[in-house]
Amino acid sequence: MTKTYGVYEWADWRYNLFKGCSNNCRYCYAKFMAKRFDRIKSFDEWRNPVLSRKVYNNSFKKRKGRGMFPTTHDITPYTYAYCITMLQGLLRVGNEILITTKPNFHLIKMLCKAIKPYKKQVQFRFTITSMDDKKLEYWEENAPNYKSRKDSLIHAFGEGFKTSVSIEPYLDATPMYLINDIYLYCTESIWIGIMNPKYNYGLRSTHIYNEVYVRAMIEDLVEVYSIAYPNTILKKLRLKDSIRNMGISL
Ligand code: SF4
């Protein structure tokens with residue numbers, strides 16, 4: 001089986017402006033990599049994003065294929081102004097961009113307005129991992145709550161953008177309720193994945209691996225999708241490499 005990894009499953013190239021991310025998710029792969037390669041001294045440092053002036057001052061050029069922005073930080077109230085300058089620059093020269101974010105409703109409203117002329121070049125991929133705000137608070141410390149994320153999706157959809165959702169890592173026992181709640185507003189795909197056991201920390205990690213990410217349960221879930229969902233939903237569902245690389249397919 002060919003293994004596929006991370007962002008290159010979704011895009012040909014990626015763009016980032018900051019080192020660090022105030023969302024400070026417990027399962028953040030970028031944070032673990034930054035610590036491992038001494039780009040940060042402690043995990044705590046991750047929650048304070050630092051702008052890369054070098055990237056920010058780069059000139060923009062049209063690149064082949066689709067780019068993804070951002071992948072190792074997020075569009076937050078603190079980073080928004082820089083992110084929008086970057087996005088407009090990338091779009092102005094004709095790039096196609098997949099915007100990935102745990103969306104903040106107020107920011108998404110502003111963002112949709114600011115990049116409206118480039119609508120055809122953009123697809124949003126909103127990360128929504130649970131409908132339960134307590135779980136979101138635990139795993140994704142400072143990221144927006146469920147309502148803010150769902151409202152963002154509805155707004156971008158209503159504004160005529162291409163919309164998709166990533167439910168990776170799913171934090172509920174089953175992502176089905178979440179899928180049922182959002183699929184109407186997704187013009188494109190809905191991705192489902194699990195947490196990487198090597199890159200996460202927290203008291204609830206053991207629980208989630210022992211109770212939720214049990215191979216037999218994941219297999220059952222996937223089987224249930226094909227029985228329970230009509231084709232209109234089924235054709236949007238995609239399994240992330242974190243599940244496919246276990247040999248499970250839809
Ligand atoms: S939003 Fe993404 S980059 Fe930011 S901490 Fe969470 S996983 Fe890491």
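The questions and answers below go through how terms are applied to this predicted model.

User: What do the numbering and the pLDDT limits rest on?
Analyst: Residues are numbered from 1 along each chain as its sequence is written. The model is predicted: local features need pLDDT of at least 70, side-chain atom pairs count only at pLDDT 80 or more, and totals for chains, interfaces and linings use all residues.

User: Why is L234 called partly exposed?
Analyst: Buried takes 20 or more other C-beta atoms within 10 Å of the residue's own, exposed takes 12 or fewer, and partly exposed lies in between, with C-beta atoms placed from the backbone. L234 has 13 within 10 Å, so it is partly exposed.

User: Where is L234 found, and what is it in contact with?
Analyst: L234 is in helix α10, residues 231–234. Helices are DSSP runs of H or I with at least four residues, strands are runs of E with at least two, and both are numbered from the N terminus. Contact requires C-beta atoms, placed from the backbone, within 7 Å. Leaving aside neighbours within four places in sequence, L234 contacts Y225, S226 and Y229.

User: Is N24 buried, exposed or partly exposed, and which is D38?
Analyst: N24 has 17 C-beta neighbours inside 10 Å, so it counts as partly exposed. D38 has 7 inside 10 Å, so it counts as exposed.

User: What makes the phi of N24 and of D38 worth a look?
Analyst: Most residues other than glycine have a negative phi, and most peptide bonds are trans. N24 is not a glycine, yet its phi is positive, about 50 degrees. D38 is not a glycine either, and its phi is about 60 degrees. N24 sits in the loop between β2 (18–19) and α1 (29–36). D38 sits in the loop between α1 and β3 (50–51).

User: Which peptide bonds are cis?
Analyst: One joins F69 and P70, with omega about -20 degrees. Another runs from E168 to P169, with omega near -5 degrees. P70 is in the loop between β4 and α3.

User: How do you know that β1 and β4 pair?
Analyst: Pairing needs at least two DSSP bridges between two strands. β1 and β4 (residues 66–69) have two bridges, in the parallel sense. W13 stands opposite G67 in β4. Four bridges join β4 to β5, also parallel.

User: What makes β1 and β9 edge strands?
Analyst: The open sheet has seven strands in the order β1-β4-β5-β6-β7-β8-β9. β1 (13–14) and β9 (237–239) each pair on one side only.

User: What is the hand of the unit made by β4, α3 and β5?
Analyst: A crossover is right-handed if, with the strands pointing away from the viewer, the path from the first strand over the helix to the second runs clockwise. β4, α3 and β5 make a right-handed β-α-β unit.

User: Which residues touch the most other members of the largest nonpolar core?
Analyst: Such a core is a set of buried Ala, Val, Leu, Ile, Met, Phe, Trp, Tyr and Cys residues joined through C-beta atoms within 7 Å. The largest has 53 residues, and F69, L87, L90, I97, V165, I167 and I182 touch the most other members. Helix α3 (residues 80–92) gives the most to this core, with five residues.

User: Which residues surround the ligand?
Analyst: Near means a C-beta atom, placed from the backbone, within 6 Å. Residues around the ligand include C21, N24, K31, D74, K102 and E140.

Technical notes
Contact = placed C-beta atoms within 7 Å.
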